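Open the structure in your viewer and keep the selection tool ready. The tour goes from one group of rings to the next.

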Amino acid sequence: METKTTIDSLCDHVGRTVTLSGWVYNTRASGKIAFIIVRDGTGLCQCVLEKNDETAAFFDEARKLPQESSLEVTGTISADERAVGGYELKVANVRVVQISRDYPITPKPHGVDFLMKNRHLWFRSKRPWHIFRIRATAIDAIRRFFNENGYILVDTPIFAPAAGEGSQTLFQVDYFGEPVYLAQTGQLYVEAACMSHRKVYCFGPTFRAEKSKTRRHLTEFWMVEPEIAYASLDDVIDIAEDFVRSVVERVLCDHRDELIELGRNIEPLEAVSKPFYRMTYTEAAELLRGPNARELLEHDLTEKKARVAKLDKQITELDAVAKGGGKQWEKDKAAAEVIVAREERSELEEQIRNIPHHMELAANFAWGSDLGGSDETIISRLHDRPVFVTHYPKYVKAFYMRDDRSDDRVTECFDLLAPEGIGEIIGGSAREEDLDRLLARMKHDNMPQEDYEWYLDLRRYGSVPHGGFGLGFERTLAWLCGLKHLREAVAYPRMMGKFYP
Ligand code: 4AD
Ligand code: MG
């Protein structure tokens with residue numbers, strides 16, 4: 001009887017004969033011996049195939065199996081530290097399930113655009129494989145934090161009758177002849193739910209018609225939003241701090257090696273301990289206008305220019321190889337590397353063009369305007385742990401935020417900026433519980449009161465101070481994994497102009 005197993009449990013099968021089912025990751029053959037690296041979804045295993053009487057029937061086909069062909073392979077397992085995954089399978093039999101021809105994603109480097117168009121296949125590559133395992137763990141950590149701390153999960157609707165976060169980023173949908181919108185947030189609905197269960201959360205996809213094509217914006221992203229009755233701004237900030245720390249800890253604990261494999265420097269993640277920094281918006285504005293911000297960007301400019309010069313040189317050299325008279329595989333490899341180097345250079349050139357503008361924005365930052373992406377990056381990079389920025393001017397923030405009773409110009413809110421230049425991963429606040437203040441703000445924002453009557457009822461019937469926050473999941477995952485762009489943090493990224501596959 002053959003034992004079917006998976007690569008992640010090979011440790012239980014040393015010395016025994018097992019059958020693995022999977023796909024060809026890579027093959028290498030020399031004379032009478034072939035190495036087939038098999039992946040089965042749980043890991044990689046090196047399968048060693050020797051040509052002898054037993055294997056003669058399939059040796060020639062198996063040694064040339066193209067990348068991503070599906071197969072079942074039977075053989076004995078031995079522990080081998082040198083082999084990928086730590087175990088090796090000595091092949092006794094191979095059964096081909098399907099032969100894959102011309103798999104587009106080869107081991108040579110590919111540009112991101114190409115990979116994104118092949119997202120449905122790119123999934124199988126190592127890097128996305130690691131990222132999605134970490135994503136699954138982070139989601140589990142998020143749910144656990146709330147489930148184990150007395151929060152009740154309340155799922156909120158995706159079809160929403162009105163804006164939750166300003167009318168500029170609404171996707172309108174035809175709902176049997178009436179306009180509705182894809183939810184930008186579940187917050188207003190969890191506010192209602194926390195008056196029933198006290199501590200609640202929702203976690204689901206949210207939608208923003210973001211017309212900006214930046215590395216931090218998706219049009220469809222996941223957000224987790226706790227909401228707590230009788231909570232003050234400080235209570236909510238404390239919860240956010242414990243929450244973020246617990247997610248980081250869990251990911252570090254379960255995926256340390258994978259993070260390293262992704263090229264993530266884990267030191268900054270290990271430094272994520274309490275307390276996070278806290279500063280007011282007014283203090284943040286001073287920081288932006290000050291010398292530290294300026295020095296940081298000047299230093300960036302010098303560094304990036306040096307890197308471009310280095311890439312220029314590399315590209316010239318690689319180009320010469322690609323167009324030269326060498327072996328075909330060498331030319332192909334160089335040509336592939338040129339594409340990747342050009343991609344990096346063009347990204348850097350764009351950053352270099354932007355830095356003077358960012359310096360100007362920071363130096364002239366005027367009290368009353370919102371922090372822009374580049375401002376957040378500066379503040380975040382000037383700190384080695386996450387930073388809470390609190391008390392923004394009220395009119396740059398959403399209508400539901402609570403007026404600060406001691407300073408009417410600002411609101412009781414916060415953004416959490418993740419370190420290493422990531423910027424905002426959480427937005428949260430105390431909510432305005434006073435009906436008249438809320439109505440006044442809605443009037444100021446020209447909001448149609450009739451669409452929000454149900455929400456206003458929460459202020460009519462047993463209104464209490466309450467608050468919560470929303471954590472953008474892909475931004476958080478991008479930070480954890482060290483991804484430059486959110487598109488890698490989600491299975492099928494949706495951005496302006498991009499919705500395939
Ligand atoms: O700051 P935002 O807009 O806050 C809210 O939606 C509140 N209703 C949350 C609450 O208090 N319950 O969004 C929250 C987070 C941001 O901090 C950011 O991480 C993420 O959602 N986010 C985006 N992520 C990817 N792409 C976008 N276009 C995003 N817009 C916001
Ligand atoms: Mg925000």
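**A tour of the aromatic side chains**

Select Tyr 175 to begin; Tyr 175 is in strand β9 (residues 172–175), where strands (E, at least two residues) and helices (H or I, at least four) are DSSP runs numbered from the N terminus. This is a predicted model, in which local features need pLDDT of at least 70 and side-chain atom pairs pLDDT 80 or more, while totals for chains, interfaces and linings use all residues. Residues are numbered from 1 along each chain as its sequence is written, chains are lettered from A and ligands numbered from 1 in the order written, and side-chain values use heavy atoms, without hydrogens and water.

Tyr 175 has 35% relative accessibility and counts as partly exposed (buried is under 20%, exposed over 50%, partly exposed in between; 1.4 Å probe, protein chains only).

Next, select Phe 203 and Trp 222. Their rings form an edge-to-face pair, 5.7 Å centre to centre with 90° between the planes (rings of Phe, Tyr and Trp, the last by its six-membered ring, pair if their centres lie within 6.5 Å; planes under 30 degrees apart are stacked, over 60 edge-to-face, the rest tilted). Phe 203 lies in strand β11 and Trp 222 in strand β12, so the pair ties together parts 19 residues apart in sequence. Phe 203 is buried at 5%, and Trp 222 is partly exposed at 29%.

Move to Tyr 281 and Tyr 392. This pair is tilted, because the ring centres are 5.4 Å apart and the planes are at 40°. Tyr 281 lies in helix α8 and Tyr 392 in the loop between β14 and β15. Tyr 281 is buried at 0% relative accessibility, and Tyr 392 is buried at 0%.
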